[in-house]
Amino acid sequence: MASSKLKAFEQIGRNTTQKHLLLGKTPITVNWSVGCPNKIGFDDRQVHDGTCLRCKDSPCIKYSTEEIALKKLSRFPINTTCDLCPTDAIKWPYESESPIIDEKLCIGCGLCASRCPAFAIYFNSDEVAIINDKANDAFVLNKTGIDEEATNRTIKLLHNVRWTNPMIKETDKVFASIYEKIQRLMGNEPNLLVRNILIKLGLQAGIRRAGDVNIRMDIVFEEQNQKVKGVGEVEFGMDVLSTSRNTLDNIAVFISRYEMGSVLPAVFLLTLPNQRSEYWQVIKDIRVILKTSIRTVTLGALLLFLWNKVKLPISIIGDLYSDADNFSTRGVIESAIGRKVSISGGLLGIIEPEK
């Protein structure tokens, strides 16, 4: 009886066959597509669709424990969830050969696509992610079932593929659609989304555990080999004015509790408050009187970095300062992505606030 009970709790093994690139096939570029699988260009001038390799570690679904760990701020009590998707839209049922995406839950942020080594995730015209799992003349099924060596070799070859265009091309329509879905599907739980984007952009970031009343700050972040550490508030709702006060409290607690001498404070918002908001004058007063510059970073700015494969050093966050004298961060963002941003001025308060 005891033996049968233990067996009931054993993890069910996933019976799936991975894929790999044929020997001699070297991927060079990827062209992100809308409405059809992404196109990977090879050194023999052939083009093949990106397809799911059925990775054992499922990077499109979760981070590893090492990826979410904080190095310098190891004493900070982080939320240890490894989930990648903030709405739990992507799953891998045991009966499925590959992961699947629930189109009703997908917000179109692009996190899962950015983590797929074989560019198997593309988007339709409604900014919904789709996984292509079809084998082709370049990506073939492993004959011996799960052949990790062949699949790992393929992942290494794909690692240095050059993007020929953004993962998602920003437009007013695209951002309007994604923001509507975020507000409808995510509620007031944006911390995980911000953390996961920051990690993908190259920073080490951690969010506080839900219900932990001993920790006031929403998020902390750091960059390897840099002395400056970041502390932030995340607010996707209407309580924007309190973020500046909370951030000052966070700085004091952060310095005293974790003995940090150089702190970069930031507020992560869904949308910038309009130009008439008191927020901007408060931010300016804090800079003038307290000599502390609180950066204001929108989700839209983070998505632009993500969609354009920009690594985000802590110095760029440091440049994203705006106040009552200068509202716009468009120049900083365009400098980082290397081109003009194709969205209207003041749109959703992404780069500059509405009047």
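Analyst: Helices (H or I, at least four residues) and strands (E, at least two) are DSSP runs, numbered from the N terminus. The model is predicted: local features need pLDDT of at least 70 and side-chain atom pairs pLDDT 80 or more, while totals for chains, interfaces and linings use all residues. Residues are numbered from 1 along each chain as its sequence is written, and side-chain values use heavy atoms, without hydrogens or water.

Two or more lining residues come from each of α2 (111–115), α3 (148–158) and α5 (191–200). Of these elements, α3 gives the most, with five residues. The lining of this pocket divides by class into 15 nonpolar, six polar and nine charged residues; Ala, Val, Leu, Ile, Met, Phe, Trp, Tyr, Cys and Pro count as nonpolar, Asp, Glu, Lys and Arg as charged, the others as polar.

A search of the whole structure gives three cavities of 30 Å³ or more (a 1.4 Å probe fits but cannot get out; the volume is that of probe spheres set on the points). The largest cavity contains about 120 Å³ of space. Its lining has 17 residues, with Cys85, Ala89, Cys106, Cys109 and Cys112 nearest the centre. That lining is made up of 14 nonpolar, three polar and no charged residues. The second largest cavity has about 90 Å³. It is lined by 14 residues, with Cys52, Cys55, Cys60, Pro99 and Cys116 closest to the centre. Twelve nonpolar residues, one polar and one charged make up the lining of the second largest cavity.

Now the charged pairs. The whole structure has 17 salt bridges (a side-chain nitrogen of Lys or Arg within 4 Å of a carboxyl oxygen of Asp or Glu). One of them joins Asp88 to Lys91, with the closest N and O atoms 3.5 Å apart. Asp88 is partly exposed at 42% relative accessible area, and Lys91 is partly exposed at 39% (buried is under 20%, exposed over 50%, partly exposed in between, with a 1.4 Å probe and protein chains only).

Glu127 and Lys173 meet in another salt bridge, at 3.9 Å from N to O. This pair links distant parts of the chain, 46 residues apart: Glu127 is in the loop between β7 (121–123) and β8 (129–131), and Lys173 is in helix α4 (residues 172–185). Glu127 is buried, at 7% relative accessible area, whereas Lys173 is exposed, at 52%.

A salt bridge also connects Asp325 and Lys284, whose closest N and O atoms lie 3.1 Å apart. Here too distant parts are linked, 41 residues apart: Asp325 sits in the loop between α9 (314–319) and α10 (330–337), Lys284 in helix α7. Asp325 counts as exposed at 53% relative accessibility, and Lys284 as partly exposed at 21%. Helix α7 covers residues 278–290 and also holds Ile289, which is exposed with a relative accessible area of 62%.

Finally, Lys19, Arg54, Glu97 and Asp133 are linked in a network of salt bridges.

Notes. On a 1 Å grid over the protein atoms alone, a cavity is a set of points where a 1.4 Å probe fits but cannot get out, and a pocket is an open set with protein on both sides within 12 Å along at least five of seven lines; lining residues have an atom within 4 Å of a point.
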